[in-house]
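Hi there,

Here is the structure I promised to pass on.

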Amino acid sequence: MSIRVLIKDYPHRAIALSTSTHALVLRHSSTSTELNNGNGGNGFNTSTTSLGSNGTAGSSARCMVEFSPVDQVDLSDYRALHSVHVYGTLGLITVNGDIFLVVVNGSRKVADVRVGETVQRIHSVGFYCLNSSNYDSLLNDEVNPYPTDTIDDEGFEMGFGKGKGESPMEHPCLALKKLLSSGTFYYSSDFDMTRRLQERSSDGATVSIDSLDAGFLWNSYMIQPLVDFRSRLALREKQALDASGILTSAIRGFALTITVPSSSSPIRAQRSGLPSFMTLISRLSCRRAGTRFNARGIDDDGAVANFVETETIFTAPTGLCFSYTQVRGSVPLFWEQATGLLPGQQKITITRSPEATQPAFDKHFEGLELSYGAIHVVNLLSNEKQNEIELTRRYRSHIINSPLNQGGEKGSHEHELIQITEYDFHAETRGPGGYEMASGISRYIRPSADSFAYYLSEEVEEHARSNGQDYVIRRPTTILQQEGVFRTNCLDCLDRTNLVQTIISKMALDLFLSHKGLSASADFWIRHSSMWADNGDALSRIYAGTGALKSSFTRHGKMSLAGALADARKSATRMYINNFADKGRQNTIDMLLGRLMGQVPVHLYDPINDYVMAELSRRSVEFTQTEVIHILAGTFNLNGKTHGIQEDLSPWLCPDVDPSQQCPEIVAVGFQEIVELSPQQIMSTDPARRQAWEAAVRNCLNENAARHGKEEYVLLRGGQLVGASLSVFVRANALKLIKNVEGSLKKTGMSGMAGNKGAVAIRMEYANTSICFVTAHLAAGFANYEERNRDYKTISHGLRFQRNRSIEDHDTVIWLGDFNYRIGLSNEKVQKLCHVGDLETLYENDQQLNLQMVAGLTFPYYSEARITFLPTYKYDLGTDTYDTSEKARIPAWCDRILRKGDNIRQINYDCAPLRFSDHRPVYATFQCLISKIDEKKKEQLSQQLYEKRREVVGDTRAGGDMAEETDDEDLLGYESVEPGLPPASSDRRKWWLDNGLPARSRVQPPSNDHFPNPKRPSNPFTPSPEPDWVEVKRMSEKPEPPPARGTARAHTVDFNGTGQSIPSSRTNSTTSVNQVNRNPSARKLIVPPFPAQSSSNVPNLDGHDDLRRTASSASARSLPDYVNRPSTQRAPPPNLNRKPAPPIPNKKPSLLSSLPPSSTPSPPPQRYKDEPRHSDASTRPQPPPPRRSMAPPPSIRKPVNNGNLIDDMEEKPPLPPRTGTGLSAGSREVRGRNLMDEEPDELESLKGWEVLRPVR
């Protein structure tokens, strides 16, 4: 579709990209420039929704954007910049503070992948400034679309050295223009070029820009603002924008299609004479992009330098399509190589230890495994060069230590997801055989090539009958999928790698043709080799600056003298470019990808459209309807038997259920062991058996549909993983509501290398509800439930659809298959329970699925209906008798159907009496609530909201006629949620910063002791009687720990330096918080003074008079800080100079109810200096019971004549009453046991205490 570039300078500069139906208008917002220049102190607050390229949030350049039908945009004031039409935009980029729109204005078709899928190579781009007209007259002379390998004399690509021939004003995007016009960038308006054929849907009419793989999208940084804008559009506008071709996705690498005439093609169409086509597409990753010596090895995100995904595609006029993918990439270690004029000077340095490298190494291979499956590494490094030997040794070590190779027993290679073949290319090709000897690598890698298979689809015709009419449905059907990948590397991943990848591509094509019983001609292989030689040259120019070495052999199959001289010239040219030009090329690449320091993204906004989309989301119920559909899911382990194809399958697929459940809209059928799982079978997939069963199932369904007068069923999609297959059938009248059908596979057998165990999944969108079916065959064996749990996690995490969708990313999920979970009882007991039909007891002992699900160890959040049928495994063939063989398998419910989703309800769950397998087939019927959006009603509401909003705020679109630039353009789509509240904030403006208010609050508390009241409601607009501030007094310094025993500080008596005793009386606390002393001392234990009157009562701390002990919960935490009120009575200063001893459990003196005349009055409770004083016992805090009992001061004890007060006395003095017990004079008589009669559990808390001796 032709696109015109239009420009307008007054009243605001704007650029429009116009097609025959729609226009995309971009207008620069000048206020953003002021903000970016630092003038943000005028009450505005800038923010962005994305981070800058250097990882810091920066102010973004802002533009208004609008996408509308061309008849709704006034383009009369616009002028065409020049007469050349463009083919799409690559996005927006800021260079030196200016915003440029990048467009493709020159391209040429180079490839046709399938019918209607073309690839264009970019040879010219244009840069148009959105905020200045200074550059409109520059860059009129297009850059040479056929660049050479030489560097210009000015040395501009090095970023300096501007010569005398320099123009007075050089365009700031000249280097970018040269890079993008170099002939290494490709795009397609017809399909997603960033994904291999296996990963993209065949029914996608247009390219959805938001589904592209960012790892291969080289204009991702520039196109992202437009992708974000697209995500905010309505569905109809999204589709219109995609169909317009305005947004362009560019890859870097190589693409070429070669026509194979009918005479040379191995697959010919009968009587048509139409040619076949062979296509090669290489996608260079942009994650660690750079030139040869500037980008080596791996980074911390697991991305490697020169990573390329190369896909060989062969299409025949019969509708057959073959695809095979392989990858190359730098050795995934942290290593660098210095440039040098001589080969010996280019020394390799490994910059990180093995331990520091392993995490990044694991990220790289886990990403490969997630995308491609199992990996076979082909390492072509030399075994003679010391630098390369060390790289190989480290590479091998990291593969051994990879988590992907830790699944099996030590020394076993069965469960290794990564295999490695080390093949010294130079040594193998040094002899007289030359490079032809490289083909010897085939014998090492052929087993993996057989197990990886390839992608294959064929067009099938189906005859369906609907509404009394017969019609033919012709569509592609996936037959096989590739399930692994070869990862090839040498040092640069250019010359040796390209030659070996050519051999692997030929091997895969050979394998495909041999499965078809065909062979290719010599002319076919010459065309194949020529295409791969062109691919090697293109990738080498990107990375090293010249064409590939050894390309003469790749192209012609032999090395000539001219080829050797060409290789010598290329080597010398590489040396010059790598030493003198690559730095400038690297800077240009980093600018294109948005990785230079200071680069800021462009932010696009459309005020009216953003408001309309928010309103549509809020009022979605007005245009959304629901409908109930019916689904039948069936699973059957066939045990490799085929004679059942001729049997009547209706008891399983058309069960006797409620008439409303007959002929459901969707039927999903899963088979396990569809072929015998022999060692030869488990590594590859044969689709013939699945196709035979699909025909039998479809015939059975259509016979039942004819009996009930319903439409016939058609096969929507099928998929197979060796023995496991899944086929989804839908009624013909439901096809119009189904879209985005995709399939995916995941191997788990032998840890992903073999397909004897694994899963097949098919997803679809029925109206506006996403549904996913998964059939799985999990690990066998009675006790292997943990391995089955791991298989589930591997499938749930690793099985991915397009756009990186997982199984869990669907509204409705149904799992069906042979999960192999068993019953945890003996064979004899299970047989007896089955005989009497005690399913309840059996289900209670279904330890391996039911109990595992309850424990959350497998299938979390899934549900299963109540089982009402006998175990489905294992029967003697043709009978209803459980296994009588020597193995005597325990009967079990191996075959299960689980569901997840809040819109699905299960109706039936049963098994069918088909006896030709050792399993019984299981089926389940469901009702599913489907959402249907009335697009016409939604569009009408959208138009009403758009016009209404436009009347309120005026013409504030990018293409509008507002004469003045306003600072609140981005606020036009926002309103107050309730009357009286301020309007919602935006990226640039916050209501609390209006009128020049600063960003930080200027409100000050009344004093340093006031803090915000936590009891205030969180919403500041809610009325509340609570005050704004509360007063909380704090200690001015951190308390010191108690002094160590025996130190000089332990003898200190005057804690505050005043010589005064601590007041003993307390007064009522006021409503404000009491204050503490200005210079508080450390929190020290105070010896309780003697009160002036012995008759005063000292109440318990807990406010009770009885002496019941509580469990000790003493801790070191500080008590609240309160103030001590002065008292009129003062106690004498204490004399104790040591910490008191704890009570002695084995010598407990009795505490009498009344004290003897000779005893002194009981002191008040001991306390800490910072304890609160309370007069009201009901409000007193309850600290934990004290651990220690304090002895009276030595000055008032009886004199002791002999020796130690504690150890040497025949009769020990009684310990004083425990503080806070109320046993002072005048207290009540103690009832029950003595206070010091410790309970056994309380004695445990006294262990480890030391008895202290008083100091004389």
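One term before we start: a residue is called buried when its relative accessible area is under 20%, exposed when that is over 50%, and partly exposed in between. Also keep in mind that this is a predicted model.

**Cysteines**

With a relative accessible area of 3%, cysteine 286 falls under that 20% limit, so it counts as buried. Cysteine 493 is buried too, at 1%.

Strand 5 pairs with strand 1 (residues 4-8) in the antiparallel sense, over two bridges. Leucine 6 is the residue standing opposite alanine 80 of strand 5.

**Aromatic residues**

I found 27 aromatic pairs in the structure. One of them brings together tyrosine 454 and phenylalanine 512: the ring centres are 5.7 Å apart and the planes are at 75°, so this is an edge-to-face pair. Where do the two partners lie? Tyrosine 454 is in the loop between helix 8 (442-452) and strand 18 (455-466), while phenylalanine 512 is in helix 9 (residues 495-515), so the pair ties together parts that are 58 residues apart in sequence. Both partners are buried, tyrosine 454 with a relative accessible area of 3% and phenylalanine 512 with 0%.

Another edge-to-face pair is made by phenylalanine 524 and tryptophan 525, at 5.1 Å centre to centre and with 75° between the planes. Phenylalanine 524 is buried at 1% relative accessibility, and tryptophan 525 is buried at 14%. Tryptophan 525 also has a charge over its face: lysine 506 lies there, 5.2 Å from the ring centre. If you want a group to look at, Phe636, Trp652, Phe671, Trp693 and Phe916 form one aromatic cluster.

Arginine 805 belongs to the loop between helix 17 (785-798) and strand 29 (812-818). Is arginine 805 buried or exposed? Buried, at 16% relative accessibility. Its side chain makes a polar contact with the side chain of glutamate 742, at 3.3 Å. Leaving out residues up to four places away in sequence, arginine 805 touches Glu742, Arg763, Glu765, Leu799, Arg800 and His810.

Glutamate 627, in strand 22 (residues 624-637), is partly exposed at 27% relative accessibility. Which residues does glutamate 627 contact, beyond its neighbours within four places in sequence? They are Cys928, Leu929, Ile930 and Lys932. With lysine 932 there is a polar contact between side chains, at 3.0 Å. As for isoleucine 930, it is 303 residues from glutamate 627 in sequence, yet the two are 5.1 Å apart in space, C-alpha to C-alpha.

Most residues other than glycine have a negative phi, and most peptide bonds are trans. Here are some exceptions.

- A cis peptide bond joins tyrosine 10 to proline 11, with omega about -5°; proline 11 is in the loop between strand 1 and strand 2 (14-18).
- Tyrosine 873 and lysine 874 are also joined by a cis peptide bond, with omega about 5°; lysine 874 is in the loop between helix 20 (850-854) and strand 30 (895-900).
- Phenylalanine 859 sits in the loop between helix 20 and strand 30. Its phi is positive, near 45°, and the residue is buried at 1% relative accessibility.
- Asparagine 740 has a positive phi of about 50° without being a glycine. You will find asparagine 740 in strand 26 (residues 738-749), where it is partly exposed, with a relative accessible area of 28%.

Cheers

How values were computed: Residues are numbered from 1 along each chain as its sequence is written. This is a predicted model: local features need pLDDT of at least 70, side-chain atom pairs count only at pLDDT 80 or more; totals for chains, interfaces and linings use all residues. Side-chain values use heavy atoms; hydrogens and water are left out. Buried means under 20% relative accessible area, exposed over 50%, partly exposed in between (1.4 Å probe, protein chains only). Helices (H or I, at least four residues) and strands (E, at least two) are DSSP runs, numbered from the N terminus. A polar contact is a pair of N or O atoms within 3.5 Å; within protein, one must be able to donate a hydrogen and the other to accept it, and residues adjacent in sequence count only if both atoms are side-chain atoms. Contact means heavy atoms within 4.5 Å. Rings of Phe, Tyr and Trp (its six-membered ring) pair if their centres lie within 6.5 Å; planes under 30 degrees apart count as stacked, over 60 as edge-to-face and the rest as tilted. A charge sits over a ring if NZ of Lys or CZ of Arg is within 6 Å of the ring centre and within 35 degrees of the ring normal. Two strands pair if DSSP finds at least two bridges between them.
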